[in-house]
Amino acid sequence: MNLRPFTVQLAGQTYELVTANGIFSPERIDMGTRVLLDHVPAAPPGGQFLDLGCGWGPLALTLALESPHATVWAVDVNTRALDVVRRNAQKLGLTNVNPVTPDNVPDDVRFTTIWSNPPIRVGKNELHNILERWLPRLEPGSDAWLVVQRNLGSDSLQRWIQATFPELTTTRAATSKGYRVLRARSHADA
């Protein structure tokens, strides 16, 4: 893998990380992820966190930097992306990031928060399958934060989540630069 350095701002600091071809938005934080980072509240101080579709890791690394007592599961099907996340976590001295494929997250792990710029372009059926696998794993009273381009179906996705998961309350938390940030909150008594 041909790694190359790049500079990025995460959690209010500037870092020199590495990137590679063949991963999503390899040289910068893409606009959707930036919108999510700008509008999501601070993560809880600890717990099990999920970055679903982590790419090179901007969400997972931010979560790990801001919540050093949390365990961050950086999940992606792209093993090259997972290798880059692993290298960047090591560069930052983060020991609380687990870059893994979906099948390597133990079934009994429940999440205190989920942050995701989900892979919309995989198609509606595959996206729904992904969300059906992970959203039910939110702990009671916890939030999933998803960023979706408005013109790529954010409103229909919001309606689908609400209809499919009655145990979640799904709201539009923010709209910015053509993206919507959706918040799916698990009921405290779920």
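Hi everyone, let's start with a pair of helices: H4 and helix H5, residues 154–164, pack at an angle of about 45 degrees, with their axes 12 Å apart. Please keep in mind that this is a predicted model. If you are new to this, two packed helices are described by the angle between their axes and the distance between the axes.

So how do we name the arrangement of H4 and H5? Angles under 35 degrees count as roughly parallel, and 65 to 115 as roughly perpendicular; H4 and H5 are therefore oblique to each other. Their crossing is right-handed.

Which residues meet here? From H4 we have Leu 127, His 128, Leu 131 and Glu 132, and facing them from H5 are Leu 157, Trp 160, Ile 161 and Thr 164. Sorted by class, this contact of H4 with H5 has five nonpolar residues, two polar and one charged.

Now to a second pair, H1 and H2. The axes of these two helices come within 10 Å and cross at roughly 25 degrees. That angle makes H1 roughly parallel to H2. The crossing of H1 and H2 is right-handed. On the H1 side, the contact is made by Thr 33, Leu 36 and Leu 37, while H2 brings Pro 58, Leu 59 and Thr 62.

Last topic: empty space. Rolling a probe the size of a water molecule over the atoms shows where empty space is left. In this model, the largest pocket holds about 770 Å³ of space. Its lining is made of 37 residues, and those nearest its centre are Gly 53, Asn 117, Pro 118, Pro 119 and Ile 120.

The elements giving two or more residues to that lining are helix H1 (31–39), strand S3 (46–52), helix H2 (58–66), helix H4 (124–134) and strand S7 (138–149). Which element gives the most? Our friend H4 does, with five residues.

Key. Residues numbered from 1 in each chain as written. Predicted model: local features only at pLDDT ≥ 70, side-chain atom pairs only at ≥ 80, totals over all residues. Heavy atoms only, no water. 1 Å grid on protein atoms, 1.4 Å probe; cavity = no way out; pocket = protein on both sides within 12 Å on 5 of 7 lines; lining within 4 Å. Points joined across faces, edges and corners; volume = space filled by probe spheres on them. Helix = DSSP H or I, 4+ residues; strand = E, 2+ residues; numbered from the N terminus. Axes fitted to C-alpha atoms, helices over the stretch in contact; angles between N-to-C directions. Parallel < 35°, antiparallel > 145°, perpendicular 65-115°, else oblique. Left-handed = near helix turned anticlockwise from the far one by under 90°. Contact = heavy atoms within 4.5 Å. Nonpolar A, V, L, I, M, F, W, Y, C, P; charged D, E, K, R; others polar.
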